[in-house]
Amino acid sequence: MKRTFIAGTKVGQLEGRVVEVLVASDRALTGREVYEALGEPKRAYTTIMTVLGRLVDKGLVERNNNAGANRFAINGGLDHLAAKKIDRLLATSEDPRRVLTYFVDEIHDETLLEELAAIIERQRES
C-alpha cells in the first residue's frame, strides 16, 4: 500500500484520493458524493465512510451535519491544514521560540525569508 503525507499526517492511498476529491470540490460533500466522485464501483460505500471517519479523526477533514446529512470538507485547504499542524507542534514544545529559530535557520530561500519578514512586519502593524 502506497502511503503519503498530507499536512504532515501519514495517509494511505485511498485516504489521499478522498482528500483530493474534497480539495477539488467547492463545497462540502456527502459521503455518497465522495463515493460517486471516486468512481470505484468495486469499493463499498461503507469503506469510503470509514475512510472519511479516519480522516476526521486525523484532523484533515471536517464533518458537519447539515439537514440530517453528514457533509465532509477540507477545513481551510491544505495550506491551512499544514499551518494548523505547525501550530500543534509548537504547542507541544517546551520552547516554541527555539523551535521557530531552528525552523527559520533551515530556510535557505532568500525570497521566502523576505516574504516571512514582510508577514511579520504586517502582523506587528495590525
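Leu-116 touches Val-104 and Ile-107, residues up to four places away in sequence being left out of the count. The model is predicted. It holds 6 helices and 5 strands, and 25% of its 126 residues count as buried.

**Overall form**

- Read from the N terminus, the order of elements in the protein is β-β-α-β-α-α-β-β-α-α-α.
- The radius of gyration of the protein is 18 Å, whereas a compact globule of 126 residues would have one near 14 Å.
- Taken along the principal axes, the box filled by the C-alpha atoms is roughly 50 × 35 × 30 Å.
- Among contacts in the protein with a separation of 6 or more, 42% are accounted for by residues 24 or more positions apart.

**Surface and charge**

- The protein has an accessible surface of about 8900 Å².
- Carbon and sulfur atoms hold 51% of that surface.

**Nonpolar core**

- The largest nonpolar core is made up of 21 residues.
- Val-18, Leu-22, Val-34, Leu-55 and Leu-60 are the residues with the most contacts inside this core.
- Two or more core residues come from each of helix H1 (13–24), helix H2 (31–38), helix H3 (45–57) and strand S5 (69–74).
- The element that gives the most to the core is H1, with 5 residues.
- In soluble globular proteins, nonpolar side chains tend to be buried together.
- Leu-55 is in contact with Val-11, Glu-15, Val-18, Val-19, Leu-60 and Val-61, once its neighbours within four places in sequence are set aside.
- Two of these partners, Val-18 and Leu-60, are listed with Leu-55 itself among the residues with the most contacts inside the core.

**Buried residues in a strand and a loop**

- Thr-30 is placed in strand S3, which covers residues 29–30.
- Thr-30 counts as buried because its relative accessibility is 15%, the cut-off being under 20%.
- Beyond residues up to four places away in sequence, Thr-30 touches Ala-69, Asn-70, Arg-71 and Phe-72.
- Ala-7 sits in the loop between strand S1 (3–6) and strand S2 (9–12).
- The phi of Ala-7 is positive, at about 50°, although the residue is not a glycine.
- Ala-7 is also buried, because its relative accessible area of 18% falls under the 20% limit.

- Tyr-102 belongs to helix H5, residues 96–105.
- Tyr-102 is exposed because its relative accessible area is 51%, and exposed means over 50%.
- Along the chain, Tyr-102 and Ala-37 are 65 residues apart, and their C-alpha atoms are separated by 42 Å.
- Leu-116 is located in helix H6, residues 110–125.
- With a relative accessible area of 26%, Leu-116 is partly exposed.
- A distance of 44 Å separates the C-alpha atoms of Leu-116 and Tyr-45, which are 71 residues apart along the chain.

Methods. Residues numbered from 1 in each chain as written. Predicted model: local features only at pLDDT ≥ 70, side-chain atom pairs only at ≥ 80, totals over all residues. Heavy atoms only, no water. Helix = DSSP H or I, 4+ residues; strand = E, 2+ residues; numbered from the N terminus. Rg over C-alpha atoms; globule rule 2.2 N^0.38 Å. Buried < 20%, exposed > 50% of the residue type's maximum accessible area, 1.4 Å probe, protein only. Contact = heavy atoms within 4.5 Å. Areas by Shrake-Rupley, 256 points an atom, 1.4 Å probe, with all protein chains shown as cover. Core = buried A, V, L, I, M, F, W, Y, C linked by side-chain atoms within 4.5 Å.
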